[in-house]
Amino acid sequence: MQAANSPLLSLHAVSRDFDVSRPWLNRMLEREPRRLLRAVDKVSVAVERGETLALVGESGCGKSTVARLIVGLYTPSEGRVDYGGRRMQMIFQDPYASLNPRWRVKSIIEEPIKHLKTRQRYQDLLQQVGLAVEDGEKYPHEFSGGQRQRISIARALAGEPDLLVCDEPTSALDVSVQAQILNLMGELQRRLGLTYVFISHNLAVVSQVADRVGVMYLGRIVELAPAAELFARPRHPYTRMLLDAVPDLQMSGKPRTPVAGEVPNPLAPPPGCAFHPRCPHANERCRREVPPVIDNVACHAVAEGRI
């Protein structure tokens, strides 16, 4: 049993490979080797009790795979995940696809209650997330996107979790509804002492909810820092490029630096630092050597004091 002051969740050099090989017969006839895609590459991070850790990055960087590794939907190819709480739950990106359209809301929320034999009442859970008790008799299609996400949150809370893994929970919602859901999640965290792992590509959203931010690129965490520090003084070139792309009314009319290029093909990652084909500070060492994580940043240019 973990001590009370130990991290609630720890990932130790966790990697995940996916076999994307062609069928066996094709490989035998054409003499092709097996092809493995490394979606997550030796990720190590700890999450303290009561905090919100956000993982950000472009599509394909591996952040959603990390979320599924945490909750056990995937098993690590290497490394291990240690969890010191009782239970964890996940809130998915699409609130309609994650709810059974044939079940009434009452049954959706009561399912984990019955399975885990908790003392929760679905009526109390609906009210906790800002819905009416009468909504329990309705079906998911009768609600808006924001209301369906509230139902998803109520279902997650029904399992009395210590940790909620939130995989892009607001990306499918309008901006005004996003703010409502984020405010609700913040209120529930304060009241229930929840811990969040928040997956997002939207740095504007992350700036409102995160205590710490991990920036992912091609399966690795390239920078990890307290949110206020990361947004005020980003260190990794990739983090700087992501922040430059965030809309800011105060910078209206000023030149912006868009995120150049695209995430490389994970089946054929570039040698050395995976970010070097897009990095304005890359040199020959960056093209040869994978940068180690030094002071929570994986960048040769930062380690050498060039930026």
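Student: In what order do the six strands of the open sheet stand?
Tutor: This is a predicted model, where local features need pLDDT of at least 70, side-chain atom pairs count only at pLDDT 80 or more, and totals for chains, interfaces and linings use all residues. Residues are numbered from 1 along each chain as its sequence is written, and side-chain values use heavy atoms, leaving out hydrogens and water. Strands (E, at least two residues) and helices (H or I, at least four) are DSSP runs numbered from the N terminus, and two strands pair if DSSP finds at least two bridges between them. With mixed pairing, the order is E5-E6-E7-E3-E8-E9.

Student: Which strands stand at the edges?
Tutor: An edge strand here has a single partner strand, so one side of it is left without a neighbour in the sheet. That describes E5 (88-91) and E9 (220-226).

Student: Which residue in E8 is the bridge partner of Val56?
Tutor: Strand E3 (residues 52-56) and strand E8 (residues 212-217) run parallel, joined by four bridges. In E8, the partner of Val56 is Val215.

Student: Which strands does helix H5 touch?
Tutor: Contact means heavy atoms within 4.5 Å. Helix H5 (residues 145-158) packs on the sheet, and the strands touched are E5 and E6 (163-167).

Student: How many of the residues of H5 are buried?
Tutor: Buried means under 20% relative accessible area, exposed over 50%, and partly exposed in between (1.4 Å probe, protein chains only). The cover over the buried residues of H5 includes E5, helix H3 (105-116), helix H4 (122-128), E6 and H6. H5 is mostly covered, and the buried count is 12 of its 14 residues.

Notes
Axes are lines fitted to C-alpha atoms, for helices over the stretch in contact, and angles run from 0 to 180 degrees between N-to-C directions.
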